[in-house]
Amino acid sequence: MTIRRPALVLCCLGLAAIAHGLHAQAKPETVAMTPPEMKWGAQGGLAMAGMEQVNLVGNPSKPGPYTLRLKFPAGYKLAPHTHPDYREVTILSGTWYTGYGEKFDQAALKTLPAGSFYTEPANVAHFVEVREPVTIQVKGTGPSGRVFVDSAENPK
């Protein structure tokens, strides 16, 4: 009994120290930026040819929460694909067309005008069509990525 109590106390102290260290690492930084201060780029964790991305908080390729914005040109299509993380998407400008399923189905596209919101559950196939320039905001917890249902449709 006398050995168990000190061991239990040490375990509790160790767990408290670990929890404190994790809490200190997870402390969010303040962010306040205007659109001209956002650094858009063609390369990013989720941007592909023709898209632009800006990371507002975090990095989708690393563990932890992230928020990013993506710009798509008119005529852009994304074949059915999945993401390993649950994501929440807000359409900031333009009209976004998305559907769920492992095959691109024009009839299944839902029209989402600016101000709309939808989710992309982890590992649920979905597809996109962009008919006019669109900007979306995506929130998730990394690491994220994109896996096309048909690997032949994966842009290199």
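E120 and R87 form a salt bridge, with the closest N and O atoms 2.6 Å apart. By salt bridge I mean a side-chain nitrogen of Lys or Arg within 4 Å of a carboxyl oxygen of Asp or Glu. This pair links distant parts of the chain: E120 sits in strand β7 (residues 117–120) and R87 in strand β4 (residues 87–93), 33 residues apart. Strands here are DSSP runs of type E with at least two residues, numbered from the N terminus. Both E120 and R87 are buried. Buried means under 20% relative accessible area, exposed means over 50%, and partly exposed is in between, using a 1.4 Å probe and protein chains only.

A word on the source. This is a predicted model, in which local features need pLDDT of at least 70 and side-chain atom pairs count only at pLDDT 80 or more, while totals for chains, interfaces and linings use all residues. Residues are numbered from 1 along each chain as its sequence is written, and side-chain values use heavy atoms, with hydrogens and water left out.

Back to the charges. How many salt bridges does a search of the whole structure find? The search finds three. Besides the pair I began with, K77 forms a salt bridge with E129, where the closest N and O atoms are 3.4 Å apart. K77 belongs to strand β3 (residues 77–82) and E129 to strand β8 (residues 126–130), so this pair also links distant parts of the chain, 52 residues apart. E129 has a relative accessibility of 7%, so E129 counts as buried. The side chain of E129 also meets that of R131 in a salt bridge, at 2.6 Å from N to O. R131 is partly exposed, at 43% relative accessibility. Salt bridges with shared partners therefore join K77, E129 and R131 into one network.

Now the sheet. Five strands form an open sheet in the order β1-β2-β9-β4-β7, with antiparallel pairing. Two strands count as paired if DSSP finds at least two bridges between them. Which strands are at the edges? They are β1 and β7, each of which pairs on one side only. From one strand to the next the twist averages 25°. Angles run from 0 to 180 degrees between N-to-C directions, and axes are lines fitted to C-alpha atoms.

β4 and β7 run antiparallel and are joined by four bridges, and R87 stands opposite E120 in β7. β4 also pairs with strand β9 (residues 134–142), in the antiparallel sense, over six bridges. There, R87 stands opposite G140.

V57 lies in β1, which covers residues 52–57, and its bridge partner in β2 is T67. V57 is partly exposed, with a relative accessible area of 39%. Together with V31 and M33, V57 makes a nonpolar surface patch of about 220 Å². Patches are made of residues with over 30% relative accessible area and no salt bridge; like charges are joined within 9 Å, and nonpolar side chains (Val, Leu, Ile, Met, Phe, Trp, Tyr) within 5 Å. The areas come from the Shrake-Rupley method with a 1.4 Å probe, and for residues only the protein chains shown count as cover.

Last, T95. T95 is in strand β5 (residues 95–100). Is T95 buried or exposed? T95 counts as buried, at 14% relative accessibility. Apart from neighbours within four places in sequence, T95 is in contact (heavy atoms within 4.5 Å) with T111, L112, P113, E132 and V134.
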